[in-house]
Amino acid sequence: LKLGVLASGSGSNFEAIAHSIAQGQLNAQIQVLIYNKPKAKARERAERLGIPAILLNHRHFRSREALDHEIVNTFKQHDVEWVIMAGWMRIVTPVLLDAYCDRVLNIHPSLLPSFPGVDGVEQALAAGVKVTGCTVHIAKEEVDSGPILMQAAVPILPDDTSETLHARIQVQEHLIFPRAIALAALQYSE
Ligand code: GRF
């Protein structure tokens, strides 16, 4: 599987996928990382991992579609077959979703369909639910929607802040994302 990763921030999921590949648990290669914020920590991780990283700053594009066109061009140039949104904080359009139909995966820090949107962790805390988690799904046009591939549950503890809870959710994200990628590829080829 030739993967192209999209990340906006820390990139811990990106690195977890790279480790899973290095350990022989996921039969794939990360062809390229695209990041959209010049200071994204994901870039440093890519450098350390020896993975090419390309900055596409969304501010330099006139529309979401224009950004997605450049993402598709870049991924095609790097032979990418599957698109992995690992903390990509931009809304993607049919320009990307149609170019990689059913091959765009997203991770979200809640048990979808509960709590979609930017603040999935805070929403779960505010709702007072006792269990939340994370979801890997095939991305569709509506934000945080699409067929679910894998989920992991995480209990909410009485003293949790959004930071402590998000940290525990991320432990699970790092476990399920590589496995969900393998599952998606298996389902797709059937
Ligand atoms: C993750 O919690 C993911 O669910 C959300 O953004 C976060 C990205 O974390 N979409 P990282 O950049 O992979 O560390």
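Analyst: Let me start with a term: two residues are in contact if their C-beta atoms, placed from the backbone, lie within 7 Å. Helices (H or I, at least four residues) and strands (E, at least two) are DSSP runs, numbered from the N terminus. This is a predicted model, in which local features need pLDDT of at least 70 and side-chain atom pairs count only at pLDDT 80 or more, while totals for chains, interfaces and linings use all residues. Residues are numbered from 1 along each chain as its sequence is written.

User: Ok, which residues of helix α5 are buried?

Analyst: In α5, which spans residues 120-127, the buried ones are Gly120, Val121 and Ala124. A residue is buried if 20 or more other C-beta atoms lie within 10 Å of its own, exposed if 12 or fewer, and partly exposed in between.

User: Why are those three on the same side of α5?

Analyst: They are on the same side because they cover an arc of only 105° around the axis, where the arc is that of the directions from the helix axis to the C-beta atoms. In general, an α-helix has 3.6 residues a turn, so residues three or four places apart point the same way.

User: And what covers the buried residues of α5?

Analyst: The cover includes β5 (104-108), β6 (131-138) and α6 (162-189).

User: New topic: which residues touch the most other members of the largest nonpolar core?

Analyst: That core has 52 residues, and those touching the most other members are Ala7, Leu33, Val83, Ile84, Leu105 and Ile181. α6 gives the most to this core, with 7 residues. A nonpolar core is a set of buried Ala, Val, Leu, Ile, Met, Phe, Trp, Tyr and Cys residues joined through C-beta atoms within 7 Å.

User: What is Leu33 in contact with?

Analyst: Leaving aside neighbours within four places in sequence, the contacts of Leu33 are Val5, Ala7, Phe14, Ala42, Ala46, Ile51 and Ala53.

User: Where is there a cis peptide bond?

Analyst: The cis bond joins Leu112 and Pro113, with omega about 10°, and Pro113 lies in the loop between β5 and α5. Most residues other than glycine have a negative phi, and most peptide bonds are trans.

User: What about phi of Phe115 and Asp79?

Analyst: Phe115 has a positive phi near 55°, and Asp79 has a positive phi near 65°.

User: Is Phe115 buried or exposed, and what about Asp79?

Analyst: Phe115 counts as buried because 22 C-beta neighbours lie inside 10 Å, whereas Asp79 counts as exposed, with 11.
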